[in-house]
Amino acid sequence: MSELTETTATDAPAPAPFAMIAGDASAMVCEGDVCYIPAPSVE
Amino acid sequence: MGLGIPEPMHPFALIVSEPIKIDIWSDIACPWCYIGKRHLEEGITSLGDDAPDVEITYHSFELAPDTPIDFEGSEVDFLAKHKGLPAERVHEMLDHVTGVAANAGLDYHFDTLQHTKTLKAHELLHFAKQLGRQLELSERLFRAYFTEGRHVGRVDELVELATEVGLDADEAREALESSRFAGAVQADIAQAQAYGINGVPFFVIDGKYGVSGAQPSEVFAQAITQVAGEKAA
């Protein structure tokens, strides 16, 4: 479930000093007034 | 030992014994941030005796800076008005979140929730951090907002909540009215932007791994275990 993937210049909008853990792709995040699965389908 | 002579310390002893730092960007008004908080806690607890020491720090992320402090209407009204979503659809969304929250042991009441600007709540979290009470205050603010329908945008209400976690009322009020932690809030937001963080919750584990969203507890447990192993290696 929690596959590790290296963050690269092609899949990250800004450089970050860490690698992203993919985890569960359906985990919800909130941005602005809405929360969604970063697929992105509005929840 | 026994001769009064300190044993030489292993050169890596201090490094190995350092707690794992977990930096969390979140907003009090973010339903998935409270759920993610619980999942993280469950993940740590699931490690039992093997759980390494962790040091959790909350960072500010203001989801909707244009939100008014006082909004007349329900959460459904707010989302329907701002997003143009049908009320029926908003109800479905909120029912879904409420169900997931219940599975995490949280009791959400969107019908009594008071939508508000969270800037002052973030300032208070920085004030509490300075005094070592940030984790307690974070939990208190989330519960006040999602479960109790408290107004976490008003100074008077925030001061009352601050005292409930052992903070001094006068000092908390001064911190809020002077806005002296506003710069710290903006610094957190700027750091999030620099990292490319667009949504919350967002977790950075020991500065090495990023975890986005309200991930299941197993993901947090696995990430923490991995970091602990790497630190001990």
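Start with two helices of chain B, H5 (residues 119–130) and H6 (residues 134–146): their axes come within 8 Å and cross at roughly 155 degrees. Axes here are lines fitted to C-alpha atoms, for helices over the stretch in contact, and angles run from 0 to 180 degrees between N-to-C directions. Helices (H or I, at least four residues) and strands (E, at least two) are DSSP runs, numbered from the N terminus. H5(B) and H6(B) are therefore roughly antiparallel to each other. The cut-offs: under 35 degrees is roughly parallel, over 145 roughly antiparallel, 65 to 115 roughly perpendicular, and the rest oblique.

Which residues make that contact? From H5(B), B:Ala121, B:Leu124, B:Leu125, B:Ala128 and B:Lys129; from H6(B), B:Gln134, B:Leu137, B:Ser138 and B:Leu141. Contact means C-beta atoms, placed from the backbone, within 7 Å. By class, these residues are six nonpolar, two polar and one charged. Ala, Val, Leu, Ile, Met, Phe, Trp, Tyr, Cys and Pro count as nonpolar, Asp, Glu, Lys and Arg as charged, and the others, Gly among them, as polar.

A word on the source. This is a predicted model, where local features need pLDDT of at least 70 and side-chain atom pairs count only at pLDDT 80 or more, while totals for chains, interfaces and linings use all residues. Residues are numbered from 1 along each chain as its sequence is written, and chains are lettered from A and ligands numbered from 1 in the order in which they are written.

Now the strands of chain B. Strand S1 (residues 20–26) of chain B has six of its seven residues buried. Buried means 20 or more other C-beta atoms within 10 Å of a residue's own, exposed means 12 or fewer, and partly exposed is in between; C-beta atoms are placed from the backbone. S1(B) pairs with strand S2 (residues 54–60) of chain B, parallel, over seven bridges. Pairing requires at least two DSSP bridges between two strands. B:Ile24 has B:Tyr58 of S2(B) as its bridge partner. Between S1(B) and S2(B) the chain runs through helix H2 (residues 31–46) of chain B, a right-handed β-α-β crossover. Right-handed means that, with the strands pointing away from the viewer, the path from the first strand over the helix to the second runs clockwise.

S1(B) also pairs with strand S3 (residues 202–205) of chain B, antiparallel this time, over four bridges.

Next, some backbone details. B:Val200 and B:Pro201 are joined by a cis peptide bond, omega about 10 degrees. B:Pro201 sits in the loop between helix H9 (182–195) and S3 of chain B. B:Asp206, in the loop between S3 and S4 of chain B, has a positive phi, near 55 degrees. Is B:Asp206 buried or exposed? Buried, with 22 other C-beta atoms within 10 Å. B:Ser179 has phi near 60 degrees, also positive. B:Ser179 is exposed, with 12 other C-beta atoms within 10 Å.

Last, the interface. 24 residues of chain A are in contact with 31 residues of chain B. Strands S2 (19–21), S3 (29–31) and S4 (34–37) of chain A each give two or more residues to that side. The chain A side has 17 nonpolar, three polar and four charged residues. S2(A) pairs with strand S4 (residues 209–212) of chain B, parallel, over three bridges. A:Ala19 stands opposite B:Tyr209 there. Chain A itself has zero helices and five strands.

Definitions and conventions
Two residues are in contact if their C-beta atoms, placed from the backbone, lie within 7 Å.
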